[in-house]
Amino acid sequence: MTLGTITHKGFVNTWECDENDHLNVQFYWRRFGDALQIFQHLSGQTRHAWKTRHVRYHSELRKSATTTVHSASVTENGAIVHQLLGTDGVSLSATAIDTFEVPVQPGASTLAIMPESARARSLPEDHILPVDADQKVHSKAGLLTHRSMVTPKECDEHGFLLDEGHIGRFSDAAGHLWHHLGVSYDWLADKGLGSVAVEMAATRHKPVKAGMMVEIVSWVETVREKTFSFRHQVSDMQTGEPLYSGAVTALMMDQTERRAVALPPDFAARLSELIGESE
């Protein structure tokens, strides 16, 4: 089922693609961020930011693909749902659910219930609550994976961090986590594999503005045959306050066949060890 209102049309540029030769997750979130604001405009709603966004990645987008986002409000839970379609205008590439502090009113296009393709599969649907990140590091279950300044070019006209700035940091932090787990880019390349996110969620706790110094602590939460899930917590380095939290389900992909493969036994054992340390 395709939703009724077109809220974004775009093109996958080469510079938006990552080491797996497909659209990086932050640029999916950029498209959903634009789509949300355009949908609110078309619906006559006040522009307001999501509290939690949940994204599922269904199929790859490669360079030179065209993209179209369709959006609708959902009366079931007062959310807004987006579908990102590929070049043929039919193939589903990703879905996003935006939920808010206060449920939204019906918009330009309205659904009674949430499409199954968008519902959470491996991650919780609820808001992600912050935890004691320092305790995670001290117990060695968590790892410091990112530190940076929030720059004006990453922010909107009011100085608030744009969606791709939130998720670009998750993407960078994930590289440090994978490396800490014994999986470097060279290791993956030697085996013809790539590290790929298939589901993500983020919850905002406090506004992130230009000039802030931020850091991320990451840790593993669950492991399955082909996937594992991990968490990110982003904090203000000056105050220690949590700014936003994320959850990611990832897998290893065969770069030739473009499909998921089972996690190597030694890697899965390392994940289970870290999960035990965090409990």
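Author: Contact means heavy atoms within 4.5 Å of each other. The model is predicted: local features need pLDDT of at least 70, side-chain atom pairs count only at pLDDT 80 or more, and totals for chains, interfaces and linings use all residues. Residues are numbered from 1 along each chain as its sequence is written, and side-chain values use heavy atoms, with hydrogens and water left out.

Reader: In which strand is Thr67 found?

Author: Strands are DSSP runs of at least two residues and helices of at least four, numbered from the N terminus. The run that holds Thr67 covers residues 66-74 and is strand E3.

Reader: Is Thr67 buried or exposed?

Author: Buried means under 20% relative accessible area and exposed over 50%, with partly exposed in between (1.4 Å probe, protein chains only). Thr67 has a relative accessible area of 1%, so this residue is buried.

Reader: With which residue does the side chain of Thr67 make a polar contact?

Author: Leaving aside neighbours within four places in sequence, Thr67 is in contact with several residues, including His8, Phe11, Val12, Arg31, Leu61 and Leu84. A polar contact is a pair of N or O atoms within 3.5 Å, one able to donate a hydrogen and the other to accept it. At 3.3 Å, the side chain of Thr67 is joined in this way to that of Arg31.

Reader: Which element gives the most to the lining of the largest pocket?

Author: On a 1 Å grid over the protein atoms alone, a pocket is an open set of points for a 1.4 Å probe, with protein on both sides within 12 Å along at least five of seven lines; lining residues have an atom within 4 Å of a point. The largest pocket is lined by 49 residues, with His22, Ser195, Val196, Ala197 and Val198 nearest its centre. Giving the most, with 8 residues, is E8.

Reader: Which element gives the most to the lining of the second largest pocket?

Author: This pocket is lined by 27 residues, of which His48, Ala49, Asp156, Phe160 and Arg204 lie nearest its centre. The elements that give two or more residues are H1 and H3. With 6 residues, the one that gives the most is H1.
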